[in-house]
Amino acid sequence: MHPLIISNWKMNMSLNSAIDFCETIENAKLANIHDLIICPPAPYLALLSSKFPSLTFAAQNISSIAPYGAYTGEHNAAILKSCKVHYSLIGHSERRTLFGETDEIVAQKLRCSLEGEITPIICIGEPLEAKNTNQYSNFLQNQLDVILDIIAKHATSTQPSISDLIIAYEPIWAIGSGIIPTQNHLKESFDIIKSYIAKIDEIYEKSRVAKNIKLVYGGSVSLDNIKQILDAGADGCLIGKASLDCKNLIEILTVSY
Ligand code: PGA
C-alpha cells in the first residue's frame with residue numbers, strides 16, 4: 001500500500017491558481033495519483049471535481065447539521081455528494097481553536113458525515129501544554145473516546161464511509177511550526193491510535209473494517225522529514241504549507257511512492 005498524501009490548502013489560492021495547480025498535478029502522470037486527496041477552499045470543489053475527475057477532493061469542513069435548511073454559510077453531506085466530493089476533514093485544530101469547535105460539535109460532524117456517506121478525515125492532536133506536561137496520551141485518548149462513541153452509536157454494517165475512515169494525528173504545536181515530534185513520541189501516539197482502530201473492528205464484529213482505516217500524520221511535514229514520519233508507522237501525511245507549491249507536492253508524492 002502506498003502512502004496517502006492529503007494536501008490541505010486551508011484559506012489559500014485563487015480559483016485560477018487552483019485550476020493551474022490541478023492541471024500540473026494531472027499532467028505529471030504520477031503513478032500514485034490515486035493516493036492523493038486535495039482539500040481546496042469549499043467554493044472551488046464542484047468545479048475542480050468535475051474538471052479533474054482523475055483527482056480526489058475533500059472538503060475542509062462539513063456542517064454538524066444533516067438536513068437541508070436555513071443554515072447560512074453551512075454545507076452538509078448531501079451538498080458535498082452533489083459536488084462529487086466524498087471526503088471531508090473534520091475537527092482540524094484550526095476549526096477547534098479559532099472557530100470554537102468543541103468535541104461535541106466534532107462528534108456531530110462525524111455522525112453527519114458517516115450517515116451522509118462522506119468519508120471522514122478526522123483530526124486529533126494535543127496542544128503544547130499537554131505535550132510539555134507529558135499528558136498527551138490522556139489527551140489523545142479523550143479525543144478518541146468521543147470518536148469511538150459516535151462510531152459505536154451509528155455503526156451499520158452497510159456503511160461505506162467507515163471502511164475508508166482516515167484518522168489524522170496532528171499535534172497542534174507541530175502545525176506550521178517547522179517542528180515535528182520525536183520518533184518515540186510519534187510511535188507512542190500511533191500505538192494509542194492503532195489500539196482504538198482495533199476497537200472499531202470489535203464494534204463492527206464480522207466486517208473487519210479496521211484493516212482499511214488509515215492513520216496519517218500532519219504538522220510541518222516536508223520533503224526533508226516525510227520518510228522519517230512514514231518510517232515511524234504512519235500510512236500517510238496531511239500536509240499544509242509544503243503542499244501549496246505544486247512542484248514540491250509532486251516531489252513529495254514521488255519520494256513517498
Ligand atoms: P502544516 O499544516 O503542514 O502547514 O503544518 C498541516 C495542517 O494543518 O493540516
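About 310 Å³ of space lies in the second largest pocket. Of the 21 residues lining this pocket, I175, G176, S220, G240 and K241 come closest to its centre. Its lining divides into seven nonpolar, ten polar and four charged residues; here Ala, Val, Leu, Ile, Met, Phe, Trp, Tyr, Cys and Pro count as nonpolar, Asp, Glu, Lys and Arg as charged, and the others, Gly among them, as polar. A pocket is an open set of points on a 1 Å grid over the protein atoms alone, with protein on both sides within 12 Å along at least five of seven lines, and lining residues have an atom within 4 Å of a point. Points are joined across faces, edges and corners, and a volume is the space filled by probe spheres set on them.

The model is predicted, with pLDDT of at least 70 needed for local features and 80 or more for side-chain atom pairs, while totals for chains, interfaces and linings use all residues. Residues are numbered from 1 along each chain as its sequence is written, and side-chain values use heavy atoms, leaving out hydrogens and water.

The second largest pocket is also the space taken by the ligand, on the criterion that more than half of a molecule's atoms lie within 2 Å of the grid points. Around the ligand are N8, K10, H92, E170, I175, G176, G219, S220, L238, I239, G240 and K241, each with a heavy atom within 4 Å of it. This shell comprises three nonpolar, six polar and three charged residues. Polar contacts (pairs of N or O atoms within 3.5 Å) include ligand oxygen atoms 2.7 Å from an N or O atom in the side chain of H92 and 2.8 Å from one in the side chain of E170. An oxygen atom of the ligand also lies 2.9 Å from a polar backbone atom of K241. The protein covers 96% of the 280 Å² of accessible area that the ligand has on its own (Shrake-Rupley method, 1.4 Å probe).

The largest pocket has a volume of about 390 Å³. K10, M11, Q60, R95 and F99 are the closest to its centre among the 15 residues that line it. Seven of the lining residues are nonpolar, five polar and three charged.

One cavity of 30 Å³ or more is also found, a cavity being a set of points where a 1.4 Å probe fits but cannot get out. The largest cavity has a volume of about 40 Å³, and G91, S93, R96, C123, I124, G125, Q143, E170 and I172 line it.

Terms used. Polar contact = N/O pair within 3.5 Å; in protein donor to acceptor, adjacent residues only side chain to side chain.
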